[in-house]
Amino acid sequence: MTYTAQPDVMRQTSDRMWHVITTIIAVLGVVSAAVGAWIYWGPEAGTLSLFGWTWNVVDLSELWAPFLMIGGGLAATLSMGIEAARDWEAENSSWLVAAEGLVTVAGIAAIVIGAILLF
């Protein structure tokens, strides 16, 4: 009787899907933090247009900017921090781990700046 190694297809598919989900969460977090920063440091008479909706920045509450920065920073930090740790453990490309680490650091910076702006 002959035994052959069978690849664990289910695990590979779930790992790939995990990468896609964490990347989407990180991108949404970075965009959210960037919108929060733009609201805070943007021109006072400016408008924010996103996907067909337009808001006047003056009409938005002052709490939107820090909360968007904190929420976006948390999303980016958690998703890319976990992903960087997993890729480091799996000994994936050092460039990939470094890029994920940079997004994690940017997320931490957004959290800190958002918390400072909150108070």
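T104 lies in helix α3, which spans residues 94-118; helices here are DSSP runs of H or I with at least four residues, strands are runs of E with at least two, and both are numbered from the N terminus. The model is a predicted one, in which local features need pLDDT of at least 70 and side-chain atom pairs count only at pLDDT 80 or more, while totals for chains, interfaces and linings use all residues. Residues are numbered from 1 along each chain as its sequence is written, and side-chain values use heavy atoms, with hydrogens and water left out.

With a relative accessible area of 13%, T104 counts as buried, a class defined as under 20% relative accessible area, with exposed meaning over 50% and partly exposed in between, for a 1.4 Å probe and protein chains only. Apart from neighbours within four places in sequence, T104 has contacts with T77, M80 and G81, where contact means heavy atoms within 4.5 Å.

The chain as a whole can now be considered. The protein chain contains three helices and two strands, arranged along the sequence in the pattern α-β-β-α-α. Of its 119 residues, 27% are buried. Among contacts in the protein chain with a separation of 6 or more, 68% are between residues 24 or more positions apart. The accessible surface is about 8,500 Å², and carbon and sulfur atoms contribute 70% of this surface; such areas come from the Shrake-Rupley method with a 1.4 Å probe, and for residues only the protein chains shown count as cover.

Helix α2 covers residues 64-89, 26 residues in total, and extends 37 Å from its first C-alpha to its last, close to the 38 Å expected at 1.5 Å a residue. That expected span is 1.5 Å times one less than the number of residues. After α2 comes E91, whose phi is positive, near 55°.

S79 belongs to helix α2 and is buried, at a relative accessible area of 6%. Which residues does S79 contact, leaving aside its neighbours within four places in sequence? They are T22, I25 and A26. The C-alpha atoms of S79 and A26 are 5.9 Å apart, although 53 residues separate the two along the chain. The S79 side chain also reaches the backbone oxygen of A75 at 2.8 Å. This is a polar contact, that is, a pair of N or O atoms within 3.5 Å; within protein, one must be able to donate a hydrogen and the other to accept it, and residues adjacent in sequence count only if both atoms are side-chain atoms.

T22 is buried, with a relative accessible area of 4%, and beyond its neighbours within four places in sequence it contacts S79, M80 and E83. Its side chain reaches the backbone oxygen of H19 at 3.1 Å.

The largest nonpolar core has six residues: V35, I39, L48, V57, L60 and A65. A nonpolar core is a set of buried Ala, Val, Leu, Ile, Met, Phe, Trp, Tyr and Cys residues joined through side-chain atoms within 4.5 Å. One member, L60, is in contact with I39 and W55, neighbours within four places in sequence being left aside.

Finally, the structure holds one aromatic pair. The ring centres of Y40 and W41 are 4.9 Å apart and the planes meet at 85°, so the pair is edge-to-face. Y40 is partly exposed at 43% relative accessibility, whereas W41, at 53%, is exposed.

Conventions: Phe/Tyr/Trp six-rings, centres within 6.5 Å; stacked < 30°, edge-to-face > 60°.
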